[in-house]
Amino acid sequence: MIDSTHYFDWAATAPADSEILREALAFSLEHWGNPSSIHEAGTDARAALESCRSDAAEVLGVPAGSVFFTSGGTESDHIPLLSVLTRPQKGSVLLSQIEHPANREMAKSLASCGWKVIEVKSDKNGIVTPEAVINSLRDDSAFVSVMAVNNETGAVQPLYEIADALAEQGRQGRKPFFHVDCVQAAGKIELDLAHKGIDSAAFSAHKIRGPRGIGLLYAAKSFTPFLRGGGQEKGIRSGTENLFGAKAFSLALERYYIRKDKPESLVRFETQRNWTREFIRGLMEIKGARILPYAREDESNEKLYSPWVVQAAFPGIPGQVMERALSADGFYISTGSACSSGSHARPILDGLGISAAEKEGAVRFSFGSETSQKAMAALLEEVKSVAGKFLG
């Protein structure tokens with residue numbers, strides 16, 4: 001087995017919690033029926049599924065009826081976005097410049113169907129401001145998507161201010177549907193899904209130590225889905241339900257979601273912030289190294305960013321070279337989103353206005369619940385060693 005001690009690519013996927021997987025497997029073996037069947041095996045599975053939904057909703061602080069299980073974060077992003085295709089009149093949708101490819105690429109399909117796709121620019125700090133969103137709105141804007149935490153820069157977006165601004169805009173006309181991609185936020189920062197104005201949010205279990213292939217969609221209000229089928233999940237997401245995944249996801253949320261009624265989760269967050277602050281200080285000692293966005297080099301701005309993700313550039317060392325050099329010694333990082341690792345386009349970095357050399361030398365370090373201070377210190381020394389070989 002690969003040693004995960006020096007694994008620093010948690011933003012791509014988190015090592016699964018074996019206890020959670022074992023408990024979820026036993027649960028699904030016990031409740032093996034199809035939840036849509038009306039015989040006893042089916043009704044037993046239905047009750048088991050609803051218990052998972054209630055458990056997940058309780059952790060998220062939302063009504064159970066607003067929680068829907070999906071196949072992952074991508075589908076949880078697609079379901080609300082594609083719902084605009086059920087509207088009789090075409091209009092516009094707004095997506096932030098920092099969106100995950102799950103939204104960014106699907107928006108291209110909407111454009112081919114006649115919808116106007118408007119990109120909302122981030123500022124040089126990687127933040128999408130409420131003003132930028134409001135200034136991009138048109139009278140026919142039906143949908144707005146802004147992710148909670150960017151998967152490359154760690155920039156935390158002002159979701160609640162954006163929701164409030166859209167709500168105020170709605171008082172003057174029709175409020176567009178507001179969707180939030182929370183895939184990199186769950187278990188990493190505090191979230192208030194019940195904040196008025198957030199209409200839907202996407203989650204993925206494998207980012208918080210659950211299994212791959214199971215996601216969750218929070219929907220505060222009803223909408224008409226574009227894709228139809230057998231009507232499972234109240235018609236929002238048809239297809240036979242994944243009871244193993246639902247149980248595992250609810251357990252992962254209970255164990256790893258950050259919330260005020262779980263003080264140890266808040267302590268772990270603050271501990272990670274302290275460790276990351278020291279890690280960034282160490283990176284900045286390397287000749288030519290820059291932290292991206294630049295604003296993160298100023299510690300007074302650290303609350304603008306998730307302590308679980310750090311992006312740095314080492315001009316003169318291509319990112320893939322750094323990644324491979326570290327991997328050869330058992331340290332695992334990435335050059336950006338695993339979902340677009342085959343692409344040379346870096347739209348998120350483009351928005352920061354950084355140089356071509358810094359883009360080429362950019363890498364991402366991401367941390368998780370099992371990351372230790374000792375491991376981060378070892379990573380820093382290894383990065384310094386690799387940089388020293390190339391930069392002198």
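Predicted model: local features only at pLDDT ≥ 70, side-chain atom pairs only at ≥ 80, totals over all residues.
First, the overall dimensions. The chain contains twelve helices and ten strands. Its radius of gyration is 21 Å, close to the 21 Å that the globule rule gives for 392 residues, so the chain is as compact as a globular protein of that length. Along the principal axes, the C-alpha atoms fill a box of roughly 70 × 50 × 35 Å. Of the 392 residues, 56% count as buried. The accessible surface comes to about 16,700 Å², and carbon and sulfur atoms account for 52% of that area.

I turn now to the seven-stranded sheet. It is open and mixed in its pairing, with the strand order β1-β7-β6-β5-β4-β2-β3. At its edges stand β1, residues 67-70, and β3, residues 116-120; each has a single partner strand, so one side of each is left without a neighbour in the sheet. From one strand to the next, the twist averages 20°. The pairing of β2, residues 92-96, with β3 is parallel and extends over five bridges. Within that pairing, valine 93 has valine 117 of β3 as its bridge partner. Helix α6, residues 159-171, packs on this sheet and touches β4 (141-145) and β5 (177-181); the direction of α6 makes about 170° with that of β5. Another helix, α7, residues 243-256, lies across β1, β6 (200-204) and β7 (215-219), and it runs at about 70° to β7.

The loop between β6 and β7 holds histidine 206. Is this residue buried or exposed? Histidine 206 is buried, with a relative accessible area of 17%. Beyond its neighbours within four places in sequence, histidine 206 is in contact with Ala12, Thr13, Ala14, Pro211 and Arg212.

The other sheet is three-stranded, open and antiparallel, in the order β8-β9-β10. Its edge strands, β8 (290-292) and β10 (362-366), each pair on one side only. Strand β9, residues 309-313, pairs with β10 in the antiparallel sense over five bridges, and glutamine 311 has arginine 364 of β10 as its bridge partner. Helix α8, residues 263-283, packs on this sheet in contact with β8, β9 and β10; its direction makes about 5° with that of β9.

Next, the nonpolar interior. In soluble globular proteins, nonpolar side chains tend to be buried together. Which residues have the most contacts inside the largest nonpolar core? In this core of 85 residues, they are Phe203, Leu283, Phe314, Phe365 and Leu379. Leaving aside neighbours within four places in sequence, phenylalanine 314 touches Leu283, Ile286, Ala289, Met322, Gly361, Val363, Phe365 and Val383.

Aspartate 3 lies in the segment before α1, residues 18-30, and is partly exposed, its relative accessible area being 46%. Although 329 residues separate aspartate 3 from tyrosine 332 in sequence, their C-alpha atoms are 9.9 Å apart in space.

Key. Residues numbered from 1 in each chain as written. Heavy atoms only, no water. Pairing = 2+ DSSP bridges. Helix = DSSP H or I, 4+ residues; strand = E, 2+ residues; numbered from the N terminus. Axes fitted to C-alpha atoms, helices over the stretch in contact; angles between N-to-C directions. Contact = heavy atoms within 4.5 Å. Rg over C-alpha atoms; globule rule 2.2 N^0.38 Å. Buried < 20%, exposed > 50% of the residue type's maximum accessible area, 1.4 Å probe, protein only. Areas by Shrake-Rupley, 256 points an atom, 1.4 Å probe, with all protein chains shown as cover. Core = buried A, V, L, I, M, F, W, Y, C linked by side-chain atoms within 4.5 Å.
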